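Visitor: I am new to this structure, and I would like a close look at one part of it. Could you take me into the interior and tell me what is packed there?

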Amino acid sequence: RLHRGYVEEATLGDKPSQTTHIVFVVHGIGQKMDQGRIIKNTAMMREADKKNRRKGHFSNHATHVEFLPVEWRSKLTLDGDTVDSITPDKVRGLRDMLNSSAMDIMYYTSPLYRDELVKGLQQELNRLYSLFCSRNPDFEEKGGKVSIVSHSLGCVITYDIMTGWNPVRLYEQLLQKEEELPDARWMGYEERRLLDELYLTKRRLREIEERLCGLKASSVTQTPALKFKVENFFCMGSPLAVFLALRGIRPGNTGSQDHILPREICNRLLNIFHPTDPVAYRLEPLILKHYSNISPVQIHWYNTSNPLPYEHMKPSFLHPAKEPTSVSENEGVSTVPSPVTSPVLSRRHYGESITNIGKASILGAASIGKGLGGMLFSRFGRSSASQPSESSKDSLEDEKKPAASPATTTVATQTLPHSSSGFLDSALELDHRIDFELREGLVESRYWSAVTSHTAYWSSLDVALFLLTFMHKHEHNNNAKPSLDPV
């Protein structure tokens with residue numbers, strides 16, 4: 001059916017509002033299995049944005065946001081049909097689903113195909129940006145901003161593009177360290193002399209290569225990977241934290257985002273996840289270790305009236321420790337928690353459930369839940385079925401606590417000074433929060449949401465309002481008092 005939808009007749013002077021902020025939406029795995037899915041998911045996100053504006057959220061602001069899908073997987077050839085040809089015919093439907101989804105992770109960890117994945121996404125981002133600027137010539141002149149919303153594996157690929165991380169360089173550094181280590185075995189005089197001469201020759205060769213690279217860098221300016229600076233990098237259901245941990249990233253002493261993503265590359269990094277998403281991981285404990293005991297910021301429900309601004313929400317402990325009086329080392333073991341998600345807070349407003357969000361969760365369950373359902377149920381089915389889901393949260397957390405040594409207990413109690421109010425000391429806070437957690441619905445099965453939550457971000461009104469909040473933040477900061485620091 002054709003619905004005209006107009007109220008007043010248009011005139012020649014009527015034009016669409018000028019786009020001042022574009023958002024590139026990057027998909028994760030599974031796009032080969034269902035081509036065009038990212039276009040439908042972006043349409044869901046755009047529709048959720050319109051619904052929030054109809055409710056009065058940021059309807060009078062000057063910023064106009066446009067969501068643009070980035071489909072990078074369909075143009076890649078990779079191994080062609082080699083993997084499909086070696087796949088057994090038994091359970092063909094399940095195997096095809098795994099080849100079209102989980103194989104993307106294996107491709108990305110392969111030194112042969114990783115560069116093809118990175119270049120595919122990088123070229124598509126630059127192509128779309130150049131195409132948009134050619135059709136909107138005033139965008140760059142008027143200071144238009146660019147943000148990226150990535151999902152699942154797309155977060156890791158986007159991060160590597162922005163930072164220029166390359167495993168080949170890391171391997172070369174490891175080889176260089178091994179060459180510098182002395183050989184412990186017994187050697188004769190002539191063999192030692194030749195090794196010393198070889199070492200000096202290699203060091204001289206590296207010095208010449210570094211001078212040559214310096215001359216090339218000074219004569220030819222290196223083009224950046226992306227043609228634009230990223231204002232906000234939103235990660236949804238992201239495994240980026242575990243990739244960084246496996247690459248050797250460890251917590252530091254400063255609460256700066258620069259520890260994992262420099263501010264000159266990306267102004268703001270935000271990690272969005274649902275507490276039952278089996279693919280998502282937290283990023284804040286990679287910057288400051290004690291943030292594993294700090295609750296992620298709870299994302300407001302879209303229908304919350306007068307919500308507290310995110311920059312005014314103080315970090316609170318998941319398991320506040322008692323005031324240190326005369327506690328023995330054995331008693332201190334029980335005060336060292338290692339939670340992953342925040343506890344269920346009191347719900348004053350009726351929000352959306354991740355299992356009732358809409359089309360995205362149903363489509364995600366159909367495409368991914370069939371193959372992974374059994375594994376997820378076995379993973380999350382450790383607690384007794386007779387216990388109610390809400391009351392079993394504490395017992396589940398207790399089961400996941402590792403046995404800590406007295407040394408680690410002492411360090412934990414020393415680096416986590418608690419106040420009487422249960423909030424974190426301001427001296428140990430991050431510059432701004434990175435982990436943001438969706439609230440669980442009032443009626444929600446955690447087992448079912450573990451299957452559907454990873455693909456249900458697209459149509460979430462809570463996520464759409466959260467994105468708008470930070471994309472409109474520069475307007476709020478310009479109108480706010482100078483004493484108020486942004487998040």
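**A look inside**

Guide: Of the 487 residues in the chain, 42% are buried, where buried means under 20% relative accessible area, exposed over 50% and partly exposed in between, with a 1.4 Å probe and protein chains only counted. Please keep in mind that this is a predicted model, in which local features need pLDDT of at least 70 and side-chain atom pairs count only at pLDDT 80 or more, while totals for chains, interfaces and linings use all residues. Residues are numbered from 1 along each chain as its sequence is written, and side-chain values use heavy atoms, with hydrogens and water left out.

The chain has 17 helices and seven strands; these are DSSP runs numbered from the N terminus, with helices being H or I of at least four residues and strands E of at least two.

Now to the interior itself. A nonpolar core is a set of buried Ala, Val, Leu, Ile, Met, Phe, Trp, Tyr and Cys residues joined through side-chain atoms within 4.5 Å. The largest one here has 53 residues, and the members touching the most others are Phe 24, Leu 125, Phe 228, Phe 233 and Leu 283. Helix α5 (residues 114-135) gives this core its largest share, eight residues. There is also a second, separate core of 33 residues, whose members include Met 45, Leu 270, Ala 280 and Leu 438.

Let us stop at Phe 233. Setting aside neighbours within four places in sequence, its contacts (heavy atoms within 4.5 Å) include Ile 148, Tyr 159, Met 162 and Leu 261. Phe 233 also touches Leu 270, a residue of the second core.

Cys 235 is buried, at 0% relative accessibility. Its closest cysteine sulfur belongs to Cys 155 and is 4.0 Å away, so the two are too far apart for a bond. Cys 266 is likewise buried, at 0% relative accessibility. For Cys 266 the closest cysteine sulfur is that of Cys 235, and because 8.6 Å separates them, they are too far apart for a bond.

Technical notes: Disulfide = S-S within 2.5 Å.
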